Amino acid sequence: FPFPYTPYRIQEQFMEALYGALEAGRVGIFESPTGTGKSLSLICGALSWLRDWEEKRRQEEEQLLALGAGGQDALSPQQARPGSADTAGQPDWVTAFVQRKEERDMVDRLKEEQIRRKKREERLEKIRQNVQLKYAAKRKRCEEDEAKRLLQLSKEALSQGAGEDALDQLDHNEEELILAEYESDDEKKVVSGLEEDDDDDLEEEHVTKIYYCSRTHSQLSQFVREVQKSPFGKDTRLVSLGSRQNLCVNEEVRGLGALQLINDRCMEMQKNKHEKKSNEENEGKKRRVSRTVCPFYSFEQMQFLRDEVLVEVKDIEQLVSLGRETKACPYYGSRFAIPAAQLVVLPYQMLLHEPTRNAAGIKLKDQVVIIDEAHNLIDTITCIHSAEVSGSQLCCAHSQLSQYMERYRKRLKAKNLMYIKQILYLLEQFVAMLGGNVNQNPGSQAVSQTGTVLKSINDFLFQSQIDNINLFKVQRYCEKSLISRKLFGFVERYGGPASAVKTNKENQKLAGLQDFLLTLQQGSDKEGTPQSPPVEAEHDQLRTASPLMQIEGFLSALTNANQDGRVILNRQGTVGQSSLKFLLLNPAVHFAKVVEECRAVIIAGGTMQPVADFREQLLCCAGVDPARIVEFSCGHVIPPENILPIILCSGPSNQQLEFTYQTRDLPQMMDETGRILCNLCNVIPGGVVCFFPSYEYEKQVYGHWEKTGLLSRLAARKKIFQEPKKANQVEQVLVEYAKCIKRCSQTGGQMTGALLLSVVGGKMSEGINFSDDLGRCVIMVGMPYPNIKSPELQEKMTWLDKTMPRDGGQAPSRVLIENLCMKAVNQSIGRAIRHQKDFASILLLDHRYARPAIFNKLPQWIRERTQVKPAFGSAFAELRK
C-alpha cells in the first residue's frame, strides 16, 4: 500500500482487511480508535483496491477486444461443442449465432466505452497542461455578460412602451404564484422535452467508484485534505457533494436562509429556464412575463467547472470559490462530475435518503460505499426518515392554502383544485385527530385529553378517515407542482398585517395570517424534544416560512409500510402546541437498498462497540447474509502504559457508587462525587473533563457543591468551566478552557489547569479533541442510560422484542438500552487519546460498569487495560503513579 509515511502495524492490518472486504464484496464493520490514522488507512486501502480493480478491468477489456479483432467468427470452445441441443431445445447453430451476436455487441460496447474514456482523459490532461484554456473561457464569459446586459436594457426600453394593455392581467409578479397545469403520471403519455435536456455529454458511463460519507461538512473537508496529502492526492478524480445551502453561489437565493426555501427557489429558477426555451416560440402571440433564471446555471460554465473539479482534488470551500470565479453553479457542476469521478465525498443524509440520492444522480449499482463516523448510523437513518408537525403548523397551512385557493380559484385548473382540496381535507383531519378545529385559533383551543398516544400507520389513516386518499399521488403532486414554494410566495406578499386576505365568513374569525404567524412563534418555542438534534435555528425560519413544507415531509413518512413505523399523537395544552410525529422503527428498510445494490459496504468508526446493533438491527433485518458480514477491530497505537482506565466501585468515604435514578439525587452521592474530584484535581495536571448523564443532573450537582462549599475548594486547584446549552457558545468555552490550561502550565503555582463539566451526548462528547494537556483525565459519572419513559423509546423496545430473536437469554429491548448507554460512554471516553504519544486516565464512577455484560461492551483497546477497583485508596495510588 502506498502511504505517506511508514504505517503503523495496525494501519497495515486495517488496509489489508479493507482490501479483502472490497475484493470479496462484503459488508464490513470496521473499528479503528481515533488517533490511529483511520482516514489515511481508509484512503490508501480503498484507493489501492480501486486502482488494482481498474487495471484488472483494463486488461480484461484488452483481451476481449483482441479476441473480437482476431476473428469475429471464432467460436469459443464451449460454444462449438457438436450435437448438444440447447436446454430450450434449439439447434446448436442458433445458440452459437445468438452468443456470437452477444459477444460482438459486447466488444462494440467496450470499444465505445474505451473511446469515451480516452476522450475524457485527453480533455482532463489538456486542462492540466493548458492554462490558456482557462483564460480563454474567462474572456468569453466577460463578453457574454456584456452582451446580455445590453440585451436586457433594450428589452426594458421596449417594454415600457407596451405597459398599458396589461391591465387585464394580474400584477405580473403574481403570475408566478399560480400553479401550472398539472397532469398526473398516468396521463403523461409523452414526456415533454423538458426531461431530456441537451446534455448528451452527461450520459457518461458511471465509473466504478467509492462513495465516502461522513456526518458533517467539516469532517468531509478534513477527509479531503487527507486525500490531498496522500500519495493518491495528485491523480484521483474526487468530487465533494454538499447541500445547496453549502454550495449555492447565488447571493439572492443564499439569503433565504432555510434549506427548504433555497431548494425550492433553485428548482423554480431551473423550471423557468426550461420554460423559457419552449416559450421563445410562442413569443409573438402574447408577451410572457419575464421570470428569473439563475445566471450561474449555465451549461457551458458548469462543464468547465466539472472538468476543473476532476483535474484536481478540491474541498467544498475551494469548490465554492471556484464557482464564484467561473460564474458556474458548484452544486450542479459537482453533480455533473459524479459519473467520471473515482471518489465521491458526501454527507450521509444525501446517500441514505433515496429521493435525495436519485436527485443527485448517485447510482449505487456495483459501487463501493464507505460510511465513516458511523457509530450512530441507526439513529441517523431513523432521524432522516422521521417527521414532526405541530398543530399550529397544520392550522397555519390550512389557512394559507384556503386563502390561496379563494384568491386564484378562477385561474386554477380543475386538477389543481382537486389536489388542493385533498390537501385541505388532510389538514382538517390531522387537526381533528389532535382534538381541534381547523377554523379556530390553534393557540386558544384547549385540548381535552392531554397525553401521548401511539398508533400504527394504518390505524392512524383509518381513524383520521383519510385512508381513501392516495397519499403517493398527493406527495407526487406536492413535489412536481412546487405548491409549497408558490404558497410561500403568496404569504410573503399578503402576509402583512394590513393586507391580510379576508375570505368566506367562517375564516373571518382568523384575523389574517399575522395572528397565526404570531401564535406559531409563541406556541412552538415549547416544543423541541431533548432527543431531537439541535436544528432549532433552522426551524425558526421554516416555521414562519411555509408550514406546508414540514407537512409534506410528514405525508411522505406516512407512505412507509405499516409495520415499519408509528404515528405519535402528542396532545399538549393547546392544539397549537400539540403535534403529530412519525417515528421510523425499522431503519433497515431504508438501508436495504444500499446494501443490495452496492458491491461492498464498509461501516467504519472510531468506536463501533457494541457492534451487535449494526449486525442485527441494520444488516440482518435488511436481508444481508450473515456470511457476507465481516468485522474488524484494531487496537490503539499507544503503548499500554499510556492509558489507565479504572472502574471505581466506591468513593473516599466508602460510599458505594451507584448512580441510579433513585440514588443519584441523594446528598451523600453528590458529596462523594465532589470528594473524588477534589482528590483527583490535586494530582492530575492540565485538563480534566467530567461527563454527567444529563444537563439537569449536572446543574443539580453544581448547585449542591455551591451550597456545601466544595465548589470553591475545587476552584482553588482548577478553573471550572461548564458546557453551554447553546451550540454557538461551545467554541468560546473551549477556547477559554484551552487558554487557561496553557497559562497554568507556564506560570506554575496553585492553579494546575481547568475542569470542564460536560454532558454525555452534548456538544462536547463528539468530534472534539481533548488531546494532550486538554484531557489528562476523563471522568464518567454514573451510567448515561436513555430516558426509558419516552414513548418513542418504549415503542422501539416493544418493536424489537416482537421482531428480534432473544440474544443469550437477554430481551432485545434490554440489550438496546445497554447498547445505547455504552455507545454514549465509548464516544465520550475515546476523546482523551488522540495520537501515539498521548496519555490519559479514564475513570468510570459506578460499580455497575464491572458487570460482565457491560464491561464487554467497552472498546477492546480500553477493556484490555481496565482495572476494577473496589476501594478508592488503591485507585488513587495508581492515578498518582
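**Close-up views of a predicted model**

**View 1. Ser-579 sits in strand β9, residues 579-584.** Helices here (H or I, at least four residues) and strands (E, at least two) are DSSP runs numbered from the N terminus. This is a predicted model, in which local features need pLDDT of at least 70 and side-chain atom pairs count only at pLDDT 80 or more, while totals for chains, interfaces and linings use all residues. Residues are numbered from 1 along each chain as its sequence is written, and side-chain values use heavy atoms, with hydrogens and water left out. With a relative accessibility of 2%, Ser-579 counts as buried (buried is under 20% relative accessible area, exposed over 50%, partly exposed in between, using a 1.4 Å probe and protein chains only). Its side chain makes a polar contact of 3.0 Å with the side chain of Glu-388. A polar contact, for the record, is a pair of N or O atoms within 3.5 Å; within protein, one must be able to donate a hydrogen and the other to accept it, and residues adjacent in sequence count only if both atoms are side-chain atoms. Setting aside neighbours within four places in sequence, Ser-579 is in contact (heavy atoms within 4.5 Å) with several residues, among them Val-389, Gly-391, Leu-434 and Ile-568.

**View 2. Helix α18, residues 471-481, has Leu-471, Val-474, Tyr-477, Cys-478 and Ser-481 as its buried residues.** These residues cover an arc of only 120 degrees around the axis, so they lie on the same side of α18; the arc is taken from the directions from the helix axis to the C-beta atoms. And what do they pack against? The buried residues of α18 meet α16 (414-433), α17 (457-463), α19 (483-494) and α22 (547-557). At the start of α18, look for Asn-470: one of its side-chain oxygens reaches to within 2.9 Å of the backbone nitrogen of Phe-472.

**View 3. Ser-481 belongs to helix α18, and Leu-482 follows that helix.** Ser-481 is buried, at a relative accessible area of 6%. A polar atom of its side chain lies 2.7 Å from the backbone oxygen of Tyr-477. Not counting residues up to four places away in sequence, Ser-481 touches Leu-179 and Lys-486. Leu-482 is placed in the loop between α18 and α19 and is buried too, with a relative accessible area of 10%. Its phi is near 55 degrees, a positive value in a residue other than glycine. Most residues other than glycine have a negative phi.

**View 4. Gln-465 lies in the loop between α17 and α18.** Leaving out neighbours within four places in sequence, Gln-465 is in contact with Tyr-425 and Gln-429. Gln-465 and Met-433 are 32 residues apart in sequence, with 9.8 Å between their C-alpha atoms.

**View 5. Phe-14 and Phe-632 make up one of the 19 aromatic pairs that a search of the whole structure finds.** Rings of Phe, Tyr and Trp (its six-membered ring) pair if their centres lie within 6.5 Å; planes under 30 degrees apart count as stacked, over 60 as edge-to-face and the rest as tilted. Here the ring centres of Phe-14 and Phe-632 are 5.6 Å apart and the planes are at 85 degrees, so the pair is edge-to-face. Phe-14 is in helix α1 (residues 9-24) and Phe-632 in strand β11 (residues 629-633), so the pair ties together parts that are 618 residues apart in sequence. Phe-14 and Phe-632 are both buried. Ring pairs also bring in Phe-30, linking Phe-14, Phe-30 and Phe-632 into a cluster.

**View 6. Tyr-331 and Tyr-332 form an edge-to-face aromatic pair.** The ring centres are 4.9 Å apart, with 90 degrees between the planes, and both Tyr-331 and Tyr-332 are buried. The charged end of Arg-335 sits over the ring of Tyr-332, 6.0 Å from its centre. That label applies if NZ of Lys or CZ of Arg is within 6 Å of the ring centre and within 35 degrees of the ring normal. Elsewhere, Arg-664 lies over the face of Tyr-697, 4.8 Å from the ring centre.

**View 7. Residues 72-86 have a pLDDT below 50.** pLDDT is the predictor's confidence in each residue, from 0 to 100. The mean for the protein chain is 78, and 81% of its residues reach 70 or more. Beyond near neighbours in sequence, residues 72-86 have 18 contacts in the model. Residues 162-169 are also below 50, and that stretch has two such contacts.
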